[in-house]
Amino acid sequence: MSEYNVLIIEDSPTMRQLITFALKRIRGMRIVEANDGVDGLKKLSAEHFDLILTDINMPIMDGLKLVSLVRNDAVYHDVPIVVITTEGAQEDRERALSLGANDYITKPIQPTRMVELVKELLNIQ
Amino acid sequence: MLKDDERNRGEEFLQVFKKGAEFTQELLKENERLRYRLLDLENGVTDGADPRVLELTRLSERVAELEREKQEILARIRRVEEENQDFAVRYVEIEDENNNLANLYIASYQLHSTLDFREVLQIITEIVINLIGAERFAVMLLDEKTSELQAVATEGVERGALPRVPLGQGVIGRVAASGESYFAQDVTSYRLNYESPMVCIPLKIKEHVIGVLVIYKLLLQKEKFLPVDYELFTLLAGHAATAIYSSRLYSDSERKLSTIQGFIDLLTK
């Protein structure tokens, strides 16, 4: 039985597959994928998630807007959010964090680092 | 008379001999008794030693024995620690290898997941951004009629800004002609030049080059290429080429099929 529900919001199928591949190494991980911010919000309203990983640059609704909306939702107010983007600049990182993201990963992602971060945010030993 | 004397002397001799034998027996018994006594005395000396000295001796021997055991255990612990270190290093290596294989598998899987030409180009773009970490790059295909390379997909570069490159000319043209990859000597000191990219990878099916992947700039956080990047380049060189080629063939055949179907519909109506 799955213990952790994780939502990946990313428009690139390559990235979604890469993230899913890496996170499935964590025992008890159930992963749901969304193509963009709007799809992500639909999935967030359909079931509860323990952690959200979202890209920033996406069509329809970008990741920063999604972070802002999720943080204003009473249900997801405290759920950890990790932002994934191609931007390595400090200002983008600060923007994402100021909107309520818990941490930030830059592309190309390091799967080991991502797995460690997710474990840390979900308090997995 | 004489006979009586001889008999008396004989008896006397026998008496003396008997006494001598008895005396010898007594001597032997005494000797035996004394030997036992000596043994008793020797045991008595041992039994009578100071018990603290004996305990000290015993404990000293035990300490020496435990010390030997301790040294053996310490040596074993050192061996186990060394093995643990080896395992930790090996674990990290395997983890990296696992990640690299996952990247290669995903790239290959995605490249062959569609027969749509535009989607294939989009997937190549995603792989180069997300797995390699490039910011400015282009996919250029060879026009067999003009023998020129022309950009069909770009990222971070205006397609119009890229020159059409004749086969065999400049860095890009030479890579397409030779089928050999090109890497700038020092990635960190590379200066943007559309005719001389940082990296140029031929896209080829066996020895037939159909185009090239040119990279002009890496993402800010990507300082250098890693071993897995070179493996990805090798994979792209082959798999991207076949994916592009087959998607083009499929598009052409779909178009022809549609045209033929149109004719058939016209003739049968």
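B:Asn103 is buried, at a relative accessible area of 9%, where buried means under 20%, exposed over 50% and partly exposed in between, with a 1.4 Å probe and protein chains only. This residue is found in helix α2 (residues 51-111) of chain B. Leaving out residues up to four places away in sequence, B:Asn103 touches A:Leu18, B:Leu131 and B:Leu232; contact means heavy atoms within 4.5 Å.

The model is predicted: local features need pLDDT of at least 70, side-chain atom pairs count only at pLDDT 80 or more, and totals for chains, interfaces and linings use all residues. Residues are numbered from 1 along each chain as its sequence is written, chains are lettered from A and ligands numbered from 1 in the order in which they are written, and side-chain values use heavy atoms, with hydrogens and water left out.

Chain B has 5 helices and 6 strands. Helices (H or I, at least four residues) and strands (E, at least two) are DSSP runs, numbered from the N terminus. Along the sequence they follow the pattern α-α-α-β-β-β-α-β-β-β-α. The radius of gyration of chain B is 51 Å, well over the 18 Å that the globule rule gives for 269 residues, so the chain is more spread out than a compact globule. That radius is taken over C-alpha atoms, and the globule rule is 2.2 Å times the number of residues to the power 0.38. The C-alpha trace spans about 180 × 55 × 35 Å along its principal axes. Of the 269 residues in chain B, 29% are buried.

The strands of chain B form an open sheet of 6 strands in the order β3-β2-β1-β6-β5-β4, with antiparallel pairing. Two strands pair if DSSP finds at least two bridges between them. Strands β3 and β4 of chain B are the edges, each pairing on one side only. Between β1(B) and β2(B) there are 7 bridges in the antiparallel sense, and B:Ala138 stands opposite B:Thr154 in β2(B).

Helix α4 (residues 170-178) of chain B has the buried residues B:Val171, B:Ile172, B:Gly173, B:Val175 and B:Ala176. These pack against β1 (134-143), β2 (148-155), β3 (165-166), β4 (182-183), β5 (199-205) and β6 (208-218) of chain B. After α4(B) comes B:Gly179, with a positive phi near 80°.

In the loop between β4 and β5 of chain B lies B:Arg191. B:Arg191 counts as exposed, at 71% relative accessibility. From B:Leu39, B:Arg191 is 152 residues away in sequence and 104 Å away in space, C-alpha to C-alpha.

Chain A has a pair of parallel strands, β1 (residues 4-9) and β2 (residues 29-34), joined by 6 bridges. Between them the chain crosses through helix α1 (residues 13-23) of chain A, in a right-handed β-α-β crossover. Right-handed means that, with the strands pointing away from the viewer, the path from the first strand over the helix to the second runs clockwise.

The largest nonpolar core holds 80 residues, of which A:Leu23, A:Met29, A:Leu53, B:Val139, B:Leu213, B:Ile215 and B:Ile244 touch the most other members. A nonpolar core is a set of buried Ala, Val, Leu, Ile, Met, Phe, Trp, Tyr and Cys residues joined through side-chain atoms within 4.5 Å. Helix α3 (residues 117-132) of chain B gives the largest share of this core, 10 residues. A second, separate core of 21 residues includes A:Met58, A:Met61, A:Val70 and A:Tyr104.
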